[in-house]
Amino acid sequence: MMIYIFGEYAEVIDMKKTAFFIFLIFAFAPLVAQNLSEGEKLFTQNEPIKAIEALEKEIADGRNTTNVFNYLGLAYFQTENYEKSVEAFEKGIKTPGTSKKILSYNCGNSYYLLKNYEKAAEYFSYAYTADRNYYQAVLNRANAYLMSQTYDKAVSDYKLFLELAPDHEKSEDVRRMIAALETEIVRLEEEARIAAAEAERQRLEDERIAEEMAKLEAERKAAEEKRLAEEAARKAEEERIAAEKKAEEERLATEKRAADAERRRKLLEEVAESLQNTDSANMSSGAESIIDYEMESELE
């Protein structure tokens, strides 16, 4: 990684876990040696831990310089405490008289290494807004868009970087990156088109299956209703036949009882008639019980 001091580049720390190539450049405000605070001197002597302690004390005591928050943030950055570096840069941005351009730019770098690429791009944008020729902010914003896979914005910023710094030592690398990203964008668009087509095909297939299942269900339901209706009709017919049979049996039983009763009546009449003798030979005048005393005396 590079820092930017008085228009020159100086290597400070290697970038870790980068994708493709990343150009993170830190910015410093010009310093006058005799006006450096104790904390700023310690930072320039590459003593970030001691510098943090001194700079924090200077801020607490109200002995703020226009650069104190920037160097505090850079010192935290060197100790890989990126959250505290962000905190320092953001405090500096809110402090009157500080360089919003430099602080925003460095804050973007800290957010970048926190992998908060959205916030990184936001702060790089602030820095670029402060200086429309600030190609370093444009380049780093392109990197943030790259890492967040916002490739169209990354390509746009890489092209803007080439417009602002056409002769930069990394220009050819940037051109290769643009070509690679444009190829990737085409590939992703084609993948998206294929995925959309597949999604539409799947949607239509799902609709077809759903319609077929609904049709089958309707047919099943209709068949079931028909079966139940036929079953009900069959049962009703069986009940009707059973009722008719029962009624017929009851009618026949009634007729049989009537016939039996008639037969018994006639039999009783016949018996009665047979017991009632009406022949004259068998008629009685009622004299059978009269005693003929004279006859009896004769017999004696």
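Helix α5 is followed by Lys115, whose phi is positive, near 65 degrees. Helices here are DSSP runs of H or I with at least four residues, strands are runs of E with at least two, and both are numbered from the N terminus.

Before going on, a word on the source. This is a predicted model, in which local features need pLDDT of at least 70, side-chain atom pairs count only at pLDDT 80 or more, and totals for chains, interfaces and linings use all residues. Residues are numbered from 1 along each chain as its sequence is written, and side-chain values use heavy atoms, with hydrogens and water left out.

Now the chain as a whole. The chain has 10 helices and three strands. Its elements run β-β-β-α-α-α-α-α-α-α-α-α-α from the N terminus on. Of its 300 residues, 30% are buried; buried means under 20% relative accessible area, exposed means over 50%, and partly exposed lies in between, with a 1.4 Å probe and protein chains only.

Back to α5, residues 100–113. How far apart are its end C-alpha atoms? They are 20 Å apart, which agrees with the 20 Å that its 14 residues should span at 1.5 Å a residue. The expected span is 1.5 Å times one less than the number of residues. In α5, 11 of the 14 residues are buried, so the helix is largely enclosed by the rest of the structure. Among those buried residues are Tyr105, Cys107, Tyr111 and Tyr112.

Tyr105 also belongs to one aromatic cluster with Phe124 and Tyr134. Over the ring of Tyr134 sits the charged end of Lys101, 4.3 Å from the ring centre. For that, NZ of Lys or CZ of Arg must be within 6 Å of the ring centre and within 35 degrees of the ring normal.

Next, the aromatic pairs. The structure holds eight of these pairs. In one of them, Phe77 and Tyr82 are tilted, at 5.0 Å centre to centre with 55 degrees between the planes. Phe77 counts as buried because its relative accessibility is 4%, and Tyr82 is buried too, at 16%. Tyr112 and Tyr117 form an edge-to-face pair, 5.2 Å centre to centre and 70 degrees between the planes. Both Tyr112 and Tyr117 are buried. As for the cut-offs, rings of Phe, Tyr and Trp (its six-membered ring) pair if their centres lie within 6.5 Å; planes under 30 degrees apart count as stacked, over 60 as edge-to-face and the rest as tilted.
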